[in-house]
Amino acid sequence: LSVQNVVARRFLLSSRFIRMGYVSLTVVTVVLCVLQLLLVSAIGHHPVGEGPKRHFEAKAEHFLVIGCDGFGGMFLENATSFLPHFAKFFANGATTTRMRDRNPSVSAPNWAAITTSMSIEESGVNSNSWTPADDNPGNDITGGGMPPISGAGKVPQAYWAAAKIQNPELKTAISISWDWINYLCDNNTCDDLFRGKEDDLAVAKAMAGFIHDHQPNVMFVHFDSIDDAGHSSYWGSEKYYNATKNVDGYIGLMLDALDAAGIADKTLVIVTADHGGWQSHHGDFSQSNVYIPGLFMGPGVRPKYKISSPTSNLDFAPTGLTAIGLKPGEFMQGRVLQEIFQYPSE
């Protein structure tokens with residue numbers, strides 16, 4: 001029995017009316033239900049292990065997701081000593097290196113998960129060969145793919161599209177090294193779009209320019225060189241870590257651009273990856289492949305906070321949208337990471 005039921009039953013059984021037989025069993029049942037509802041309303045009902053739900057005050061006006069393709073969480077854990085901009089997140093924000101990606105640990109399904117907050121089954125993006133044509137399998141029930149839950153023939157709804165639906169005046173900016181991500185920019189939801197064709201430095205400079213010129217509210221940038229280094233040598237090699245140093249510099253360029261534009265203290269910055277790897281490949285179901293970083297820094301974020309609760313790459317988009325005062329998108333499946341934020345009473 002629940003605590004509420006135990007309390008209610010003891011109350012009723014001690015009642016002189018029950019002892020005297022004046023109340024029928026049906027009435028007793030009704031009263032029990034009413035008392036349980038009152039108790040739930042008074043103390044709240046929470047799953048085992050969770051405390052009362054609190055709602056943080058949205059303090060950001062902008063949020064930026066920085067995607068570092070192939071930078072597995074386990075490869076970041078011992079590297080912050082030579083990655084000063086990554087290290088800033090550990091010193092000033094909320095972090096984990098054990099967030100989980102979606103299986104299989106390959107790029108397209110996981111960038112779709114990060115940007116849409118839909119799993120593979122929900123977005124329909126199941127491999128790197130996916131194209132928008134796979135969104136509308138029609139009558140092909142055996143080999144034509146799966147439509148996204150956002151509707152057949154529609155590209156899975158990314159967080160920048162969800163933001164535009166709620167407030168068309170918001171400015172969005174996307175700068176990408178891997179061109180596949182362009183598939184998720186549809187219906188004029190990307191105000192500024194740069195397709196860098198695997199030139200990470202050009203991608204960083206383009207986003208810095210967008211920040212300087214337009215101060216976008218919703219941003220996404222993708223760097224590809226760490227993944228390239230893993231494939232051409234191996235995950236954890238000297239070449240691999242040299243690539244992480246380069247990307248660390250590009251992150252510094254983003255942070256400097258936010259500061260120069262006067263919006264650094266108004267921007268939630270998130271750094272993550274699509275997958276890790278092992279030897280010279282990825283896609284296996286293993287810790288080196290599945291664990292990815294989840295780094296958060298910005299207004300209201302707890303400093304030096306280690307995220308210990310279970311979380312996945314579905315949680316980035318709803319958390320970012322909520323941080324700027326919007327609601328998670330209609331089709332988003334992840335949760336808002338409320339635990340990473342400070343509350344007004346703290």
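A charge is said to sit over a ring if NZ of Lys or CZ of Arg is within 6 Å of the ring centre and within 35 degrees of the ring normal. In this predicted model, the charged end of Arg302 meets that description over the ring of Tyr305, at 5.5 Å from the ring's centre.

- Strands of a sheet pair through backbone hydrogen bonds, and the pairing may be parallel or antiparallel.
- Strand S3 (residues 172–176) pairs with S4 in the parallel sense over four bridges, and Ile176 has Arg195 in S4 as its bridge partner.

- A search of the whole structure finds 16 aromatic pairs.
- One of them joins Trp160 and Phe220, whose ring centres are 5.8 Å apart and whose planes stand at 40 degrees, so the pair counts as tilted.
- This pair links distant parts of the chain, since Trp160 belongs to helix H8 (residues 159–166) and Phe220 to strand S5 (residues 218–223), 60 residues apart, and both Trp160 and Phe220 are buried.
- Phe223 and Tyr250 form another tilted pair, with 5.4 Å from centre to centre and 40 degrees between the planes.
- Here too distant parts of the chain are linked, with Phe223 in strand S5 and Tyr250 in helix H11 (residues 238–260), 27 residues apart, and both residues are buried.
- One aromatic cluster is formed by Phe71, Phe75, Phe82, Phe86, Trp235, Tyr240 and Tyr241, and over the ring of Phe82 sits the charged end of Lys245, 5.3 Å from the ring's centre.

**The nonpolar core**

- The largest nonpolar core contains 83 residues, and those with the most contacts inside it are Ile66, Phe71, Phe86, Tyr159, Trp160 and Phe296.
- Helix H11 supplies the largest share of this core, 10 residues.
- When neighbours within four places in sequence are left aside, Phe86 is in contact with Cys68, Phe71, Leu76, Thr244, Val247, Asp248, Ile251, Val271 and Leu295.

Technical notes:
Residues numbered from 1 in each chain as written. Predicted model: local features only at pLDDT ≥ 70, side-chain atom pairs only at ≥ 80, totals over all residues. Heavy atoms only, no water. Pairing = 2+ DSSP bridges. Helix = DSSP H or I, 4+ residues; strand = E, 2+ residues; numbered from the N terminus. Phe/Tyr/Trp six-rings, centres within 6.5 Å; stacked < 30°, edge-to-face > 60°. Buried < 20%, exposed > 50% of the residue type's maximum accessible area, 1.4 Å probe, protein only. Core = buried A, V, L, I, M, F, W, Y, C linked by side-chain atoms within 4.5 Å. Contact = heavy atoms within 4.5 Å.
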